[in-house]
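Open the model in your viewer and keep the selection tool ready. This tour goes from one selection to the next.

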Amino acid sequence: MKITAIRTYAARVGIRNQLLVKVETDNGIYGWGESGLSGREMAVIGAIEHYAGFLVGRDPMAISALWQEMYRSQYFEGGRVLQAAVSAIDIALYDIKGKALGVPVYELLGGKNRNFIPTFATTSAAPGPEMIEQAKALMEAGWKAMRLSVSGHEEKEVYEPREHIAETARWCVEARKALGDTIVLGVDFHHRLSVAEAASFCQKMPSGTLDFIEEPIRDETPEAYESIRRMTDIPFAIGEEFASKWQFLPYIERDIHQFNRLDVCNVGGLTEAMKVAGWSEAHYVDMMPHNPLGPVCTAATLHFSAAVANFSWLETRSSPVETHLGFDDATLFPVRPVLEGAVYRIPEGPGLGIEVNEALLQEAVYQPWEAPHLKRRDGSVTNW
């Protein structure tokens with residue numbers, strides 16, 4: 001069996017674009033993958049087209065060797081754009097191999113450790129009474145873990161962290177009172193804070209209010225996270241933007257965080273994700289995969305989540321309080337993972353267990369999108 005073509009499709013699905021990749025072979029078997037670098041799809045397409053130049057004609061079953069060749073066949077290895085391209089191709093190769101062998105992808109990763117995949121959901125209302133009502137509705141629907149809204153998350157032009165951390169902390173305390181002690185609660189600051197701001201936020205709440213805080217600051221300097229670690233006892237969830245096992249290295253080895261927000265569509269696909277999971281297991285760090293993309297990403301992440309031992313919850317953006325996102329278009333993805341209450345069942349068909357309406361995908365429109373370029377009130381640029 002040989003690779004005959006690698007095709008890319010960037011299309012608007014719901015409120016954002018998805019970049020899907022189809023790898024075709026000479027015996028008719030094909031595989032689907034997805035890239036996770038939202039907002040920079042054209043750059044990733046260029047990288048995929050470059051890789052296709054030497055992957056066409058190769059054996060798609062040699063997944064590990066092809067991964068190493070894509071990574072090491074250049075002096076300037078790695079980086080988020082290249083790894084997003086590698087991720088999409090790698091996932092598609094696993095889909096091909098599973099179909100060729102007649103087994104679900106999780107069997108290629110060592111088999112199942114669990115029979116279903118618990119998820120965490122995210123409230124969509126701003127901090128306040130409606131957010132708490134949404135959280136109660138999620139509890140009634142079966143969710144045992146959730147991420148609460150943060151104040152100012154929807155700002156498009158100006159974001160001042162100090163104007164939002166106190167409001168967020170106040171409603172986190174109210175949510176804990178309203179929801180009780182058994183529900184797992186977290187927040188995601190989307191790396192918008194400084195070390196001092198993150199510490200201030202954590203210190204405004206009684207110990208035990210939150211079970212995790214996600215991405216409070218940018219990830220470039222592990223020592224900065226260690227500084228926050230000394231000032232709070234809230235567990236950290238970090239890593240959705242990491243593009244290799246090497247980026248995870250200091251966080252795992254220095255015991256900085258407790259949850260890995262690994263994204264299989266950014267880190268280097270399933271090949272690299274499994275290496276990070278094993279390394280994390282040795283340090284008792286649990287996997288909490290990032291999953292804000294489309295059904296192909298969800299399917300790949302379900303197989304990963306089934307196969308690893310050290311798993312907590314999978315992110316879902318398809319809960320009853322986020323139906324406006326539209327990432328799981330049933331017409332584009334006639335066979336796709338569907339929530340059953342607060343859990344996903346693990347696909348049992350060959351490969352990823354997903355089908356894509358390629359004819360419809362070819363007609364879908366790509367809409368250029370740029371994240372808000374946020375500024376503080378003094379005019380200085382800040383993080384989105």
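Start by selecting Asn291, Pro292, Leu293, Thr298, Thr316, Arg317, Ser318, Phe327, Asp328 and Tyr344: these residues line the largest cavity. A cavity is a set of points on a 1 Å grid over the protein atoms alone where a 1.4 Å probe fits but cannot get out, and lining residues have an atom within 4 Å of a point. The largest cavity holds about 60 Å³ of space. Volume here is the space filled by probe spheres set on the points, with grid points joined across faces, edges and corners. Its lining divides into four nonpolar, four polar and two charged residues. (Nonpolar covers Ala, Val, Leu, Ile, Met, Phe, Trp, Tyr, Cys and Pro; charged covers Asp, Glu, Lys and Arg; the others, Gly among them, are polar.)

This is a predicted model: local features need pLDDT of at least 70, side-chain atom pairs count only at pLDDT 80 or more, and totals for chains, interfaces and linings use all residues. Numbering starts from 1 along each chain as its sequence is written, and side-chain values use heavy atoms, without hydrogens and water.

Next, select Asn17, Gln18, Leu19, Ser35, Leu37, Ser38, Glu41 and Leu293, the lining of the second largest cavity. About 30 Å³ of space lies there. Strand 2 (residues 16-25) gives the most to this lining, with three residues. Strands (E, at least two residues) and helices (H or I, at least four) are DSSP runs, numbered from the N terminus.

Now show helix 9 (residues 245-253) and helix 10 (residues 269-282). Their axes come within 11 Å and cross at roughly 10 degrees. Axes are lines fitted to C-alpha atoms over the stretch in contact, and angles run from 0 to 180 degrees between N-to-C directions. Helix 9 and helix 10 are therefore roughly parallel, a label for angles under 35 degrees. Pick out the contact (heavy atoms within 4.5 Å): Trp246 and Phe248 are among the residues of helix 9, Val276 and Trp279 among those of helix 10.

Finally, zoom out. The C-alpha trace spans about 60 × 45 × 45 Å along its principal axes.

Terms used: On a 1 Å grid over the protein atoms alone, a cavity is a set of points where a 1.4 Å probe fits but cannot get out, and a pocket is an open set with protein on both sides within 12 Å along at least five of seven lines; lining residues have an atom within 4 Å of a point. Angles under 35 degrees count as roughly parallel, over 145 as roughly antiparallel, 65 to 115 as roughly perpendicular and the rest as oblique.
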